[in-house]
Each structure stands twice: as structure tokens, then as C-alpha cells.
Amino acid sequence: QLVLGVDRDSALLGRLGYFNERNAAVEKAIHNIIQGFHKYGKTVGICGQAPSVYPEIVEFLVKEGIDSMSMNPDAVKQVREHVDKIF
């Protein structure tokens with residue numbers, strides 16, 4: 001939400017489409033963070049609802065080399081199965 005400069009809990013902004021985790025700016029920021037931290041031997045994890053909701057974000061994160069993802073408990077099985085398919 002900080003990359004996009006919006007309040008993700010705002011119903012008005014949500015209806016207008018301003019908050020979208022799949023925005024290219026968000027993906028670029030995540031890419032830069034993963035690459036930058038890995039360059040210095042650090043691990044990178046992500047916490048949030050996006051991996052629980054969007055399979056394409058799971059695929060993006062895995063291909064970018066994310067080290068861990070946290071998600072809603074009810075999504076763990078589905079996300080694990082999706083990660084297995086990516087490899």
C-alpha cells in the first residue's frame with residue numbers, strides 16, 4: 001500500500017481500483033527488494049493476503065526467489081499445491 005500511496009482499507013479507493021497488489025510498481029519494488037537482500041545473503045519473506053488470493057502473485061514470488069510466504073491458514077494447502085506445480 002505504501003508503494004501505491006493508498007489506504008488499502010478505504011472502500012472508496014478499493015472500488016476505484018487504486019489498490020491492486022498486482023500493480024507493476026508493486027512487482028518492481030518486490031523484485032528490487034528480493035534481489036537487493038539476496039545480494040547480501042539475507043532472506044526475504046512476505047506477509048499479507050495477496051498469496052492467499054492471487055495464484056499469479058504466488059508464481060511471481062516463487063520465480064523471483066522469495067524465501068517464505070505467510071498466508072491465511074485456509075489457503076496453505078492450495079498455495080503449497082500451486083508452488084509444487086511451479087517447480
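Which residues make up the largest nonpolar core? The views below show a predicted model, in which local features need pLDDT of at least 70, side-chain atom pairs count only at pLDDT 80 or more, and totals for chains, interfaces and linings use all residues. Residues are numbered from 1 along each chain as its sequence is written, and side-chain values use heavy atoms, with hydrogens and water left out.

**View 1. The largest nonpolar core.** This core comprises 10 residues: Val-26, Ile-30, Ile-34, Val-44, Ala-50, Tyr-54, Ile-57, Phe-60, Leu-61 and Ile-66. Helix H2 (24-39) and H4 are the elements that give two or more residues to this core. A nonpolar core is a set of buried Ala, Val, Leu, Ile, Met, Phe, Trp, Tyr and Cys residues joined through side-chain atoms within 4.5 Å; buried means under 20% relative accessible area (1.4 Å probe, protein chains only). Apart from this core lies another, of six residues, including Val-58, Val-62, Ala-75 and Val-79.

**View 2. Helix H4 and its packing.** The buried residues of H4 are Ile-57, Val-58, Phe-60, Leu-61, Val-62 and Glu-64. They pack against H2, strand S1 (45-47), helix H3 (50-53), strand S2 (68-70) and helix H5 (76-86). Helices (H or I, at least four residues) and strands (E, at least two) are DSSP runs, numbered from the N terminus. Just after H4, Gly-65 adopts a positive phi of about 95°.

View 3. Glu-64 lies in helix H4, which spans residues 55-64. Glu-64 is buried yet has no salt bridge, that is, a side-chain nitrogen of Lys or Arg within 4 Å of a carboxyl oxygen of Asp or Glu. The nearest side chain of opposite charge, Lys-28, is 8.5 Å away; for charge, Lys and Arg count as positive and Asp and Glu as negative, while His and the chain ends are not counted. Residues up to four places away in sequence aside, Glu-64 touches His-31, Ile-34 and Gln-35, where contact means heavy atoms within 4.5 Å.

**View 4. Tyr-54 of the largest core.** Tyr-54, one of the residues of the largest nonpolar core, touches Glu-21 and Arg-22, not counting residues up to four places away in sequence.

**View 5. Confidence along the chain.** The mean pLDDT (the predictor's confidence in each residue, from 0 to 100) of the chain is 87, and 87% of its residues reach 70 or more. Confidence is lowest in helix H1 (residues 11-16), at a mean of 70, and highest in H4, at 95. Where pLDDT is low, the predicted coordinates should not be read in detail.

Key: Buried means under 20% relative accessible area, exposed over 50%, partly exposed in between (1.4 Å probe, protein chains only).
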